Structure formats: structure tokens, C-alpha cells
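Me: Please take a close look at one part of this model for me, the helix packing. Then follow the charged pairs from there.

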Amino acid sequence: MAITAQQVNDLRKKTGIGMMECKKALVEANGDADEAIKILREKGLAVAAKKADRVAAEGVVDVMKSEDGLTTAVLEVNSETDFVAKNATFKAFVRDILATIIKNKPATLEALLECTIEGGELTVEQARKDKVFSIGENITIRRFQIIEGT
């Protein structure tokens, strides 16, 4: 089956992964976009495992307040370089994790990693691994704090 540039572009927009990786996944999936996403996710897990030992010492600390103003979450997420920390995709990922923290109020980092990320269907850990694959650097969720009240 011939893979069109439009198919590759559509998959790239959905996943944020490079054009060549998207094309390879579509070829392997015989043009099925959903199957290609599964293939990319599996490859992402392998890439994340390879990058897990790399030091992630840069990153951001961000804060979000709940709509009612009674809960505040503070989160530190690290990456390998400050370029990634300034990336809009990375910042949106951090905001999604903050929203997840406010919604679920997990007690530990391990509990947070098992929560379904706000606005998605993956767990926070699965979403982190997807970002490692699409961004190309190790990303770690280092710590968070929930503050209740005013």
C-alpha cells in the first residue's frame, strides 16, 4: 500500500513525532493510522527505556490553582536541556499534569503516575514516555506538592 504525504502529515499532527518515524509506522501498519499510533507508542517505550539513565537536570517548576481557588498544585518536571523546558509542547504537558494533580489529589508520586492525565486517556507515566519519544530527551517528574486552603 502506498502511503501518502497527507497520511504522514496527519499522523505527525496527532502524535508530534517526526515525519520519518510516522512514515515508517504507517508502512508497518499498512496505512492504518490507529495501528501506526500503537506501533509508535511501542517504539516510544523502548526509546524511553534507553533514555531513562540520562540525567534530566533542567526543567520547570510550575503552579496551578483550582477554579474555586482552594487547591494549589506545585510541580517540578525535569528535562535534559533548557531548550526542551522552554518548548510549548513540554509546557502544555506540565500544565496537563498540574490539572491532573488538582483533579485527583494523589498522595504520592507513584499514585500520580498511575492517574489518567487530564484531557487524555493515557496514564501520566504513559504520557511521559510518549513525550520522551516525541521530544527525544529524558523527562522526569521529580516532585509535587498540593496546598489546600487560601
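Reply: Start with handedness: a crossing is left-handed if the near helix is turned anticlockwise from the far one by less than a right angle, and right-handed if clockwise. Helices here are DSSP runs (H or I, at least four residues), strands are runs of E (at least two), and both are numbered from the N terminus.

This is a predicted model: local features need pLDDT of at least 70, side-chain atom pairs need 80 or more, and totals for chains, interfaces and linings use all residues. Residues count from 1 along each chain as its sequence is written, and side-chain values use heavy atoms, without hydrogens or water.

Now the helices. Helix 1 (residues 5–15) packs on helix 2 (residues 19–28) at about 115°, with the axes 9 Å apart. Axes are lines fitted to C-alpha atoms, for helices over the stretch in contact, and angles run from 0 to 180 degrees between N-to-C directions. Helix 1 is therefore roughly perpendicular to helix 2 (65 to 115 degrees; under 35 is roughly parallel, over 145 roughly antiparallel, the rest oblique). The crossing of helix 1 past helix 2 is right-handed.

Who touches whom? Helix 1 brings Gln7, Val8, Leu11, Arg12 and Thr15, and these meet Met19, Cys22, Lys23 and Leu26 of helix 2 (contact means heavy atoms within 4.5 Å). By class, this contact has 5 nonpolar, 2 polar and 2 charged residues.

Next, the charged pairs. The whole structure has 9 salt bridges (a side-chain nitrogen of Lys or Arg within 4 Å of a carboxyl oxygen of Asp or Glu). One of them joins Arg142 to Glu76, with the closest N and O atoms 3.4 Å apart. This pair links distant parts of the chain: Arg142 sits in strand 3 (residues 139–148), Glu76 in strand 2 (residues 71–79), 66 residues apart. Arg142 is partly exposed, at 47% relative accessibility, while Glu76 is buried at 12% (buried is under 20% relative accessible area, exposed over 50%, partly exposed in between, with a 1.4 Å probe and protein chains only).

Asp82 pairs with Lys86, N to O 3.8 Å at the closest. Asp82 is partly exposed at 32%; Lys86 is exposed at 56%.

Arg128 pairs with Glu125 at 2.9 Å between the closest N and O atoms. Both lie in helix 7 (residues 124–135), 3 residues apart, about one turn of the helix. Arg128 is buried, at 12% relative accessible area. Elsewhere, salt bridges with shared partners join Glu76, Arg142 and Arg143 into one network.

Notes: Nonpolar A, V, L, I, M, F, W, Y, C, P; charged D, E, K, R; others polar.
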